[in-house]
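User: I'd like to go through the aromatic side chains here. Can you take me through them?

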Amino acid sequence: MKKYLLLQLKRLARILPPVLLVAAVLFSCMSVAYDAIGDINNESGQQTKFKVGLVGTAGDTYMEMGLAAVESFDSTRFSVEFDQMEEKEAEKAMRQGKISAFIQFPEGFMDEAMYGNILPIKFVTSVGADSLVSMVKEELTGIVEIMIAHTQKGIYGAGAAAGAHGGSSGAAIGGISLQYVDFIISRAKAYRVTEAGVFDGLGMDGYLVSGLGIVLFMLICLIFAPVMIRRDHAMARMLKSRARPVTWQVLCDFAVYMVGLLGIACVVLVLLLIRPEAQISAEMILQCLPIIFSLGAMSFLMYEVASDLISGVLMQFFVTLALCFVSGCLYPITFFPEVVQKIAGFLPTGIAREQVGNCILGNTSPETVGALLGFGCLFLTGAVLVRKAKVAGVRG
């Protein structure tokens, strides 16, 4: 079997230089696509302020003081920008898209509010406004209801209670007013923001790397089709007649295939190290070996099943495309129905993507590694059975 192994290595050596070149080109294309998608995601993820017009606040000292406090201290200043303007000016600005909406305060709003009479406030937005503007509307109306109506009740109630018990109603009103202001301004401390990522704690960048990495690997496997697909099994039958078991033949062929895949993996590793943001460790490389073994064995099995070059390439391409799509390599898995998400967790490509994600996060999952190794052995066993069936079916 040593001579057979050397013969297969020579066959591989003849096509390996162009294969490595194609792999480098594919990796470069994927890198460009990754950078482009990442830039789009960063641009869309940048914080955008919604501009909201305020009508009827000019000249009102209390309203201007409140607006200044909101713009200086309130957490709303990071998401909403308020502009004072006239009603006609606000309508024109909204039609031109300069503001998302405007709030119209009725004349004498603060004067009436001082006596406990809250006049209705009008919130005007364009027809068919998107959901984010609707969210702003709900948030602002909720703020008006809580900040004005409820705090007013509490302030006047505290003043009345203090006066009824012989205390200073002015001092009570002033003290509770400051407490309300402090509570309202610091309301952002009442919740905690956690970035869960796209899936399993991975951000968009990490998810793109894991998904596109699996797609790239499966596409690279297509390059070996001319060497791996065989139409004539006469040599296999001859070797079997000379006490060279089919199992050993398959193992030799698979070993040669793995040499080619590992060679490409080395090229990709070198290209990754060129990127300044890449952080590759020896542990990450070791964790990627089960992926190469499992997906390489799956590709090897498909080549064994194929009867000619065209059918083999087409089968490899469409099976790869279907598995990568369902496994969330081409599209975030969280957007699929729950049933598809569960199925993806049992597919070799889905497990491989999860393993790449573990490498990025620095996690170690023996279950994922075991599943990949199990799939690899299963595919390799299937390749042996297919080769035996083909060899047994050869007629002299």
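User: Phe336, is that buried or exposed?
Analyst: Phe336 counts as buried, at 14% relative accessibility. Buried means under 20% relative accessible area, exposed over 50%, and partly exposed in between, with a 1.4 Å probe and protein chains only. This is a predicted model: local features need pLDDT of at least 70, side-chain atom pairs count only at pLDDT 80 or more, and totals for chains, interfaces and linings use all residues. Residues are numbered from 1 along each chain as its sequence is written, and side-chain values use heavy atoms, leaving out hydrogens and water.

User: And Phe325?
Analyst: Phe325 is partly exposed, at 41% relative accessibility.

User: OK, aromatic pairs. How many in the whole structure?
Analyst: A search finds eight. Rings of Phe, Tyr and Trp (its six-membered ring) pair if their centres lie within 6.5 Å; planes under 30 degrees apart count as stacked, over 60 as edge-to-face and the rest as tilted.

User: What kind of pair do Phe254 and Phe293 make?
Analyst: Their planes are at 80° and their centres 5.9 Å apart, so the pair is edge-to-face.

User: Where do those two sit in the chain?
Analyst: Phe254 is in helix H10 (residues 246-274) and Phe293 in helix H11 (residues 282-305), so this pair links distant parts of the chain, 39 residues apart. Helices (H or I, at least four residues) are DSSP runs, numbered from the N terminus.

User: Which residues are in the aromatic cluster?
Analyst: Phe224, Phe254, Tyr257, Phe293, Phe300 and Tyr303 form one cluster. Phe254 is buried at 6% relative accessibility, and Phe293 is buried at 18%.
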